Amino acid sequence: MADISLCHRRAGARWVDLDQEQQQLIRQSVGVRMPDGRAWNPLGKVVNRFEHGPQESIQELYP
């Protein structure tokens with residue numbers, strides 16, 4: 001599997017500090033912002049993987 005930071009760079013995404021509303025929504029202070037403005041929560045996805053098992057694989061974030 002490719003390095004996560006490399007996948008984000010290839011997609012044009014950047015790690016960003018999330019605004020107050022986004023922080024409340026995803027319960028994280030940082031996330032990944034895509035060039036089209038969407039925000040993603042890869043840290044939350046990893047937490048879900050540990051709490052809920054393989055069906056929450058982060059591999060799906062990197063098609």
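Reader: In what order do the three strands form the open sheet?

Author: This is a predicted model, where local features need pLDDT of at least 70, side-chain atom pairs count only at pLDDT 80 or more, and totals for chains, interfaces and linings use all residues. Residues are numbered from 1 along each chain as its sequence is written, and side-chain values use heavy atoms, with hydrogens and water left out. Strands are DSSP runs of E, at least two residues, numbered from the N terminus, and two of them pair if DSSP finds at least two bridges between them. The pairing here is antiparallel, and the order is β1-β2-β3.

Reader: Which residue in β3 is the bridge partner of Val-32?

Author: β2 covers residues 30-33, and β3 covers residues 39-40. These two strands pair over two bridges. For Val-32, the partner is Trp-40.

Reader: Is Ala-39 buried, partly exposed or exposed?

Author: Ala-39 lies in β3. Buried means under 20% relative accessible area, exposed over 50%, and partly exposed in between (1.4 Å probe, protein chains only). Ala-39 has 36% relative accessibility, so it counts as partly exposed.

Methods:
Helices (H or I, at least four residues) and strands (E, at least two) are DSSP runs, numbered from the N terminus.
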